[in-house]
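Welcome! Please have a look at it below, then read on.

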Amino acid sequence: MTTIVVALAAEARPIVRHFGLRPTASQPFRVYQGEAVRLIVSGVGSAASAAAVDHLGGGRGRRPRAWINVGIAGHRDAALGGLRLASRIVDRKSGRAWYPPAVFDPPCAGAQVTTVDDVERELTGDFLYEMEAAGFYPAALRFATAELVQVLKVVSDNRVERAERLTAARVGELIAQGLPVVEKVVRELTAIATALGERVGSPERLNEYVGRWHFTVTQERQLERLLRRLGALGRRIEPTFFDDATSAAAVLGGLRQLI
Amino acid sequence: MTRAIRRIYVEDEVAGHPRTAAILGRFPNAEVVRCGRYGEVFNPRAQDFRLQKRRPALILARKHRGQVLETPPGYGIGGERNYYFSHMLNCIYDCRYCFLQGMLRSANYVLFVNYEDFQRQIDETVERVGESWFFSGYDCDSLAFEPITGFVESFLPFFAERPQAWLELRTKSVQAAALREREPLANCVVAFSFTPEAMHEQFEWGVPSVRRRIEVVADLQRRGWKIGLRFDPLLYRESYRSDYADLFAAVFDALDPARLHSISLGVFRLPKSYFERVYRLYPEEPLFAGPQAESGGMISLPHEMESELLGYCREQLGRWIPEEISHLCSVPEAETR
Ligand code: SF4
């Protein structure tokens with residue numbers, strides 16, 4: 001599952017349409033859900049973006065999930081509609097910086113994203129200015145490894161085309177133009193999350209063992225590890241192998257003997 | 001492999017360093033990202049070493065202190081005073097047993113470009129304590145990244161003028177051009193690590209074949225370089241006897257055993273905390289699933305298996321080489337950190 005966090009409803013609309021997402025909640029955040037993608041509209045600003053991540057982050061299950069913050073940003077002179085994957089995020093207020101690792105072929109150029117509290121009018125340096133990434137990124141890192149958290153920005157304004165002139169319709173248009181890149185990043189992150197999921201998923205037969213004997217939490221962890229190790233050694237041990245065992249401890253002892 | 005570098009982080013402090021400029025020049029298509037200290041990129045917690053191995057970035061940084069560190073007592077290949085130094089963290093190869101996976105949070109390559117500070121500390125060390133050994137290639141492979149780092153090219157002339165300073169280069173690479181192009185150094189040992197072919201294929205991703213490496217070692221020996229052999233880590237599998245017998249036969253068929261500088265053996269061991277991290281990265285890996293023992297905070301093979309393996313390899317080596325050039329490496333590399 002990949003979660004897309006956007007600040008504005010205008011940013012959300014083309015993405016919702018493209019991925020065929022259905023509304024599932026409207027309070028405290030608007031949430032849209034599809035099979036492999038969901039989207040949350042956070043509202044403007046770092047704190048709102050972090051709160052939206054928190055809102056969806058605590059779900060159950062150990063399947064790794066990917067997170068993408070998609071949104072508009074201003075740049076000194078970059079062409080409107082251009083997409084950039086953040087390679088450095090700087091919170092202008094605190095000076096803190098983060099460096100999202102890209103372990104896939106990025107479908108667009110990278111950029112430093114500077115998060116500011118208000119619409120930036122100066123647009124100096126070769127930076128993208130926006131208002132969410134520095135809230136989104138550290139919040140998402142609480143729920144996912146850094147390789148699964150990315151920030152993707154569409155250039156919406158520059159020194160010639162000023163932010164003041166942006167309308168909701170124009171924002172929607174710019175995001176819609178960028179959808180092929182959004183989709184590529186979603187696909188890459190989904191593949192990475194799947195690979196990671198195979199690593200952390202439960203070993204075969206775990207539930208059958210747990211259903212048959214009473215394992216304490218610690219014993220269940222030991223069971224899981226033993227089954228995983230045996231699996232790595234190419235051995236699938238059916239619970240029936242321990243038909244005579246009367247306790248979880250006896251089963252664990254038996255599994256240890258097999259390594 | 002180096003072609004895959006798409007992003008290079010550059011610490012602000014080394015942005016103007018000539019070595020930085022030279023390295024960036026080799027990667028005209030890479031995205032250059034400036035950073036404060038390399039640790040901001042390299043050390044955060046929520047990173048996955050295995051995922052990053054898919055596409056590591058390069059980080060150019062300055063090593064501020066501790067460029068030269070003492071090895072623990074007992075470590076070495078015959079010298080009395082032993083130090084190690086790491087101009088680089090991480091490696092372009094991907095050996096499944098590599099302790100770096102357990103020690104470091106990130107698989108990105110960190111290259112400390114301030115070689116001059118390493119060299120100054122080596123000088124200070126020799127001045128202070130006299131003749132010493134300096135081991136390179138602990139936190140990386142000494143030669144594998146040579147076309148980019150120019151490490152050997154910079155350090156060989158330096159050591160050439162300091163006969164009291166002994167250098168060990170440790171490698172699994174065949175990047176030997178920088179060695180072939182110059183006269184052998186009397187105070188430099190080029191140490192090559194080997195595992196048997198079958199284990200190489202199973203565990204050493206990206207590492208040149210055993211055959212190719214043997215050719216390179218033999219060539220360097222013919223050219224007069226002092227050669228060390230490192231059978232480290234020794235790995236256990238059912239066919240280990242024939243695996244190691246074949247490896248030793250292939251190696252000593254190509255090399256002159258009498259002219260070897262040193263041979264060391266080391267069993268596969270990891271500090272428990274490293275082992276746990278590596279296990280979480282590769283839970284499906286048979287290498288970490290088989291019989292294990294824990295002792296003194298280290299995870300290794302159970303004692304009987306370990307001594308059986310070690311005993312066999314020592315006995316086999318005894319057929320080819322005199323005892324005095326063999327060293328049993330009792331301190332695993334990972335303990336030197
Ligand atoms: S060659 Fe050495 S440093 Fe490189 S991955 Fe293999 S064990 Fe690690």
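A:Asp77 pairs with A:Arg76 in a salt bridge, and their closest N and O atoms are 3.3 Å apart. Keep in mind that this is a predicted model. Over all chains, the count of salt bridges comes to 43, while the count of disulfides comes to zero.

**Salt bridges in chain A**

- A:Arg76, the partner of A:Asp77, is partly exposed, with a relative accessible area of 28%.
- A second salt bridge joins A:Arg187 to A:Glu183, at 3.8 Å from N to O.
- Helix H5 (residues 179–200) of chain A holds both A:Arg187 and A:Glu183, which sit four residues apart, or about one turn of the helix.
- A:Arg187 is exposed, with a relative accessible area of 52%, whereas A:Glu183 is partly exposed at 26%.
- Salt bridges also link A:Glu204, A:Arg205, A:Glu208, A:Arg236 and A:Glu238 into a network.

**A salt bridge in chain B**

- B:Arg162 and B:Glu161 meet through their side chains in a salt bridge of 3.8 Å, N to O.
- B:Glu161 is exposed, with a relative accessible area of 63%, and B:Arg162 is partly exposed at 22%.

**Cysteines**

- No disulfides are counted in any chain, and B:Cys35 is in none: the nearest cysteine sulfur, that of B:Cys140, is 19 Å away.
- B:Cys35 is buried, with a relative accessible area of 0%.

Notes: Residues are numbered from 1 along each chain as its sequence is written. Chains are lettered from A and ligands numbered from 1 in the order in which they are written. This is a predicted model: local features need pLDDT of at least 70, side-chain atom pairs count only at pLDDT 80 or more; totals for chains, interfaces and linings use all residues. Side-chain values use heavy atoms; hydrogens and water are left out. A disulfide is a pair of cysteine sulfur atoms within 2.5 Å. Buried means under 20% relative accessible area, exposed over 50%, partly exposed in between (1.4 Å probe, protein chains only). A salt bridge is a side-chain nitrogen of Lys or Arg within 4 Å of a carboxyl oxygen of Asp or Glu. Helices (H or I, at least four residues) and strands (E, at least two) are DSSP runs, numbered from the N terminus.
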